[in-house]
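Subject: A structure for you to explore

Hi there,

Here is the structure I promised to pass on to you. Please open it next to this email and look up the residues as you read.

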Amino acid sequence: MTAAHGAVIALGSNLGEREATLRSAVRRIGEIDGVTLVAASAIVESPALKPQGVDRDAPAYLNAVVVVRSALGPLELLGALNGIEAEHGRTREEHWGDRTLDLDLIDVDGMTMATERLTLPHPRAAERAFVLEPWLRLQPDAVLTGRGSVAELRAAATDEVLPYAAAPLLPAELPKQGAAS
Ligand SMILES: Nc1ncnc2c1ncn2[C@@H]1O[C@H](COP(=O)(O)OP(=O)(O)OP(=O)(O)O)[C@@H](O)[C@H]1O
Ligand SMILES: Nc1nc2c(c(=O)[nH]1)N=C(CO)CN2
């Protein structure tokens with residue numbers, strides 16, 4: 001049996017029913033064979049970052065991060081995530097174009113690789129507050145391999161991230177039976 005990897009996945013949506021799409025995507029990630037959801041961040045809202053800079057005329061994004069345990073290899077996991085993007089109507093026409101759902105693999109157990117199909121850690125995560133802020137809130141001690149602590153990277157990132165009022169993406173852990181209340 002393959003040892004499970006801890007993986008961090010970033011979610012983004014700026015077209016359609018954004019919050020419903022993120023909720024559906026989290027559910028589908030948890031249904032991938034060999035993948036278990038561990039935790040999900042709060043949802044944040046952020047203006048669309050385009051190659052030319054922030055585009056306030058484009059629909060704003062909702063972003064979040066989930067942590068999973070995965071018995072799949074990173075390429076298999078990415079393939080499954082691409083399948084979930086496709087299920088949610090994701091098309092690829094324009095670089096950093098508006099999209100119903102984007103699922104990026106940010107980190108898999110600190111592995112490093114650089115191929116066209118998959119670069120780990122995600123090469124642009126270290127500068128993206130819309131990834132770092134929800135990740136930091138979820139895992140305050142997290143480190144992005146080769147780049148430093150997520151707390152320091154978040155402090156240095158300049159893109160705008162706003163709170164978004166929503167119910168949690170995953171239900172809070174139920175108190176264990178017999179645990180003191
Ligand atoms: N860590 C990674 N996570 C997700 N996709 C990756 C990663 N590394 C390489 N890729 C490749 O990048 C390709 C383009 O992905 P996509 O269209 O989602 O990019 P994007 O989300 O628009 O931009 P960005 O990569 O800057 O977030 C994918 O086909 C995938 O094979
Ligand atoms: N605010 C925001 N902007 C983006 C995002 C995103 O998730 N949030 N994703 C992009 C390509 O992955 C490009 N721009």
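Below are my notes, going from the whole chain to the details.

Some housekeeping comes before the notes. This is a predicted model, where local features need pLDDT of at least 70 and side-chain atom pairs count only at pLDDT 80 or more, while totals for chains, interfaces and linings use all residues. Residues are numbered from 1 along each chain as its sequence is written, and chains are lettered from A and ligands numbered from 1 in the order in which they are written.

**The whole chain**

The protein chain has four helices and twelve strands; these are DSSP runs numbered from the N terminus, with helices being H or I of at least four residues and strands being E of at least two. Its radius of gyration is 16 Å, close to the 16 Å from the globule rule for 181 residues, so the chain is as compact as a globular protein of that length. (That radius is taken over C-alpha atoms, and the rule is 2.2 Å times the number of residues to the power 0.38.) The C-alpha trace spans about 55 × 40 × 35 Å along its principal axes.

Of the 181 residues, 36% are buried. A residue is called buried if 20 or more other C-beta atoms lie within 10 Å of its own, exposed if 12 or fewer, and partly exposed in between, with C-beta atoms placed from the backbone. Among contacts with a separation of 6 or more, 69% join residues 24 or more positions apart; a contact means that two C-beta atoms, placed from the backbone, lie within 7 Å.

From the records, UniProt places "domain: 7,8-dihydro-6-hydroxymethylpterin-pyrophosphokinase" at residues 8-140, in an unreviewed entry. UniProt positions follow the numbering used here, feature names are shortened, and annotations may be inferred rather than shown by experiment. In the model, that span is 28% helix and 32% strand, and its end C-alpha atoms lie 14 Å apart.

**The core**

In soluble globular proteins, nonpolar side chains tend to be buried together. In this model the largest nonpolar core holds 47 residues, and I9, I29, V66 and L105 touch the most other members. Such a core is a set of buried Ala, Val, Leu, Ile, Met, Phe, Trp, Tyr and Cys residues joined through C-beta atoms within 7 Å. Strand β6 gives the largest share of this core, seven residues. Leaving aside residues up to four places away in sequence, L105 touches A7, I9, P74, L77, L78, L81, L118, L120 and H122.

Which helix is mostly covered? It is α3 (residues 129-138), where eight of the ten residues are buried. Its buried residues pack against β1 (5-13), β3 (44-46), β6, β7 and α4 (150-156).

**The two ligands**

Around ligand 1 you will find L78, R92, W96, D102, D104, L105, R117, L118, T119, L120, H122 and R124. To be listed, a residue must have its C-beta atom, placed from the backbone, within 6 Å of the ligand. The elements giving two or more residues to this shell are β7 (102-108) and β9 (119-120), and β7 has the largest share, with three. By class the shell has five nonpolar, two polar and five charged residues. Here Ala, Val, Leu, Ile, Met, Phe, Trp, Tyr, Cys and Pro count as nonpolar, Asp, Glu, Lys and Arg as charged, and the others, Gly among them, as polar.

Ligand 2 is surrounded by G12, S46, P47, A48, L49, Y61, N63, W96, D102 and F130.

**Backbone details**

W96 sits in the loop between α2 and β7. It has a positive phi of about 60 degrees although it is not a glycine. D109, in the loop between β7 and β8 (113-114), also has a positive phi, near 55 degrees. The peptide bond from L120 to P121 is cis, with omega near -10 degrees, and P121 belongs to the loop between β9 and α3.

Is A167 buried or exposed? A167 is exposed, because 9 other C-beta atoms lie within 10 Å. It comes in the segment after β12 (162-163).

Enjoy exploring!
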